[in-house]
Amino acid sequence: MGLRDLIKQRRSRVLPEEVGDVAADVIPGFFIEGQVAPKYREHLLESYRKRDGNPPRRDDNGHLRSIDETRMDRAWNDVAEAMDRSEGDIRACVLNIYEDAGEYETKPARLRHDFNEILNRATTEIED
């Protein structure tokens, strides 16, 4: 039994099974016991998944945000409320998992990309 199998054994208590399996494949170490940031990220992904189809909203400057940006904004709020923490605390904790933004403009953009990849792959696997 390899590391991937051990990680997959740690089933999510939050995410549907197929989404949890894909998350473990897309982001190695998605489920790390004993650390709070992965727990927040797991809840964030579930909230992001449930908010599919929400309309975009405007930011503080009146600019229309993308559907995915709006979806993530609402997911941050959901997790902060559920965990009784501030949104800023949740955001800082989750984004600190990433060392850098990689090929993306910002760490939140990278996180949104990862979440979209997980959800798209999970949908494909369910359909197959």
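**Terms and their grounds**

Mentor: The protein has six helices and zero strands, where helices (H or I, at least four residues) and strands (E, at least two) are DSSP runs numbered from the N terminus. From the N terminus on, the elements run α-α-α-α-α-α. This is a predicted model, in which local features need pLDDT of at least 70 and side-chain atom pairs count only at pLDDT 80 or more, while totals for chains, interfaces and linings use all residues. Residues are numbered from 1 along each chain as its sequence is written, and side-chain values use heavy atoms, with hydrogens and water left out.

Trainee: What makes asparagine 116 buried or exposed?

Mentor: Buried means under 20% relative accessible area, exposed over 50%, and partly exposed in between (1.4 Å probe, protein chains only). Asparagine 116 has a relative accessible area of 18%, so it is buried. This residue is found in helix H6. Leaving out residues up to four places away in sequence, asparagine 116 touches Tyr48, Asp68 and Arg71; contact means heavy atoms within 4.5 Å.

Trainee: Why is alanine 92 called partly exposed?

Mentor: The relative accessible area of alanine 92 is 39%, so the residue counts as partly exposed. Alanine 92 is found in helix H5. Between alanine 92 and alanine 37 there are 9.0 Å in space, C-alpha to C-alpha, although they are 55 residues apart in sequence.

Trainee: How do you know whether aspartate 84 is buried or exposed?

Mentor: Its relative accessibility is 70%, and therefore aspartate 84 counts as exposed. Aspartate 84 is found in the loop between H4 and H5, and has a positive phi of about 55 degrees although it is not a glycine.

Trainee: Why is H4 called roughly perpendicular to H5?

Mentor: Helix H4 (residues 67-83) and helix H5 (residues 87-95) pack at an angle of about 110 degrees, with their axes 8 Å apart. Axes are lines fitted to C-alpha atoms, for helices over the stretch in contact, and angles run from 0 to 180 degrees between N-to-C directions. Angles under 35 degrees count as roughly parallel, over 145 as roughly antiparallel, 65 to 115 as roughly perpendicular and the rest as oblique. H4 is therefore roughly perpendicular to H5.

Trainee: Which residues of H4 and H5 meet?

Mentor: From H4, Asp73, Trp76, Asn77, Val79, Ala80 and Met83 meet Glu87, Ile90, Arg91, Val94 and Leu95 of H5.

Trainee: What makes a nonpolar core, and which residues touch the most other members of the largest one?

Mentor: A nonpolar core is a set of buried Ala, Val, Leu, Ile, Met, Phe, Trp, Tyr and Cys residues joined through side-chain atoms within 4.5 Å. The largest has 28 residues, of which Phe30, Leu44, Leu45, Trp76, Ile90, Leu111 and Ile118 touch the most other members. At least two residues each come from helix H2 (17-26), helix H3 (36-50), H4, H5 and helix H6 (107-127). H4 gives the most to this core, with six residues.

Trainee: How do you know that the span of H3 agrees with its number of residues?

Mentor: The expected span of a helix is 1.5 Å times one less than its number of residues. The 15 residues of H3 should therefore span 21 Å, and the end C-alpha atoms are 21 Å apart, which agrees. What covers the buried residues of H3 includes H2, H4, H5 and H6.
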